[in-house]
Amino acid sequence: MARVWNFSAGPSCLPEDVLKECAAEMMDCNGTGQSVMEMSHRSSAFEPIIQDAEAMVRKLMKVPENYKVLFVQGGGSTQFAMVAENLGIHTGKAAYIETGVWAKKAAQEAAKLGVEVTTIASSKDKGYSYIPKVEKIEGDYDYAYICFNNTIMGTHYEYIPETGNIPLVADISSCVLSEELDVSKFGLLFAGAQKNLAPAGVTLVIIREDLIPELDACRPGTPTMLAYKTHADNGSMYNTPPCYTIYVLDKVLHWIEKNGGAAGINKLNVEKANYLYDYLDNSDFYRATAEKGSRSLMNVPFLTKYSVAGATDEVVLAKEKEINSKFVKEAEAAGLVNLKGHRLVGGMRASIYNAMPLAGVKALVEFMKKFAEENK
């Protein structure tokens, strides 16, 4: 069967060159006569893999020397707790900007652990379709928290809030290495791998060293595995790490480097996103849900503009649901998969991460044109 165009929000498509390399080395990686899946994480065979992965993260993201690069497990959702347990330890207060599901869940998790959470801004009033402008954050907060790219709502920060001495924490799971980012403006960054870095299983954490508390200084009851110091002191190998995922991540990082690093990848991402948004904005059949000025380059939710003259809202909504289901079904038959929108937004969503080539976006737009003509 031919390869499909995979628009999944995560796990997402990986670069074909990387998949081919992994396939070629499945039975014998680097002349060891074994797969990375079989290697001891403490062996001389695996050690250079995780070391190179860290070196590549530092190189591509220009990570300052006073930051630790960690590979941990549990996905971004576990970071909601780790951030609170490790950083919310002085005043016990934290500021959150609520821009969608993941930022809201992060705030709820922190509150559950006893952190006094203040939602200093929210875009809930418009269905999280925009990023509120909060240029400066002040107060006696232990940290301020943002979700830099909102996968479900298709929004993205086009600025970095000024926080002064307050450490800024950002979830960059769905936009990591899709653009250049000044790491020094953040106290902590984290990214689940399954969107832009690797298969699911590892989470990248970049944390300023002075923010890593001693084990007994974390919030009371913090498990050993949820303390950043545990992983920082043990080279991300306190327990068995997700070795194969780290191996794939390392290959993806080299692929990004070959494509011009974060700057080169960003240029391609802008071209892809503009191609799709330009079509949506000029279409009389579809519309993008995210507001201009807050739009993601990675995740593009969209709806049809279906309407029936004189119809009741119930009739219109039923027809909209019917036409969306038809779109997703016919797109899949055409080799364009995982386009169903999240239930909170509806419609469709095209996730066009780093590994999605421009050809895939063009194929989607051509299908959209055909579908619109046939269903007006």
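**Strands.** I count two strands as paired if DSSP finds at least two bridges between them. Strands are DSSP runs of E with at least two residues, helices are runs of H or I with at least four, and both are numbered from the N terminus. I note that this is a predicted model, where local features need pLDDT of at least 70, side-chain atom pairs count only at pLDDT 80 or more, and totals for chains, interfaces and linings use all residues. Residues are numbered from 1 along each chain as its sequence is written, and side-chain values use heavy atoms, without hydrogens and water.

I looked up β9 (residues 188–192) and β10 (residues 203–208). They pair in the antiparallel sense over five bridges. Phe190 stands opposite Val205 in β10.

**The sheet.** Which strands form the open sheet, and in what order? I read seven, as β2-β10-β9-β8-β5-β3-β4, with mixed pairing. β2 (67–72) and β4 (116–122) are at the edges with a single partner strand each, so one side of each lacks a neighbour in the sheet. On average, neighbouring strands are turned by 20° against each other, direction ignored.

**Helices.** I checked α4 (residues 101–112) next. It lies across β3 (93–98), β4 and β5 (143–147), and runs at about 160° to β3. Angles run from 0 to 180 degrees between N-to-C directions, and axes are lines fitted to C-alpha atoms, for helices over the stretch in contact.

Then I took α6 (residues 243–258) and α7. Their axes come within 7 Å and cross at roughly 75°. α6 and α7 are therefore roughly perpendicular (65 to 115 degrees). Contact means heavy atoms within 4.5 Å. Trp255, Ile256 and Glu257 of α6 make it with Gly261, Ala262 and Ile265 of α7.

**Pockets.** A pocket is an open set of points on a 1 Å grid over the protein atoms alone, where a 1.4 Å probe fits, with protein on both sides within 12 Å along at least five of seven lines; lining residues have an atom within 4 Å of a point. Volume is the space filled by probe spheres set on the points, which are joined across faces, edges and corners.

The largest pocket has about 450 Å³. I found 22 lining residues, with Leu14, Glu16, Ala355, Met356 and Pro357 nearest its centre. α7 gives the largest share of this lining, four residues.

The second largest pocket has about 350 Å³. It is lined by 18 residues, and Glu320, Lys321, Asn324, Gly346 and Gly347 are the closest to its centre. Here α8 gives the most, with seven residues.

How values were computed:
Parallel < 35°, antiparallel > 145°, perpendicular 65-115°, else oblique.
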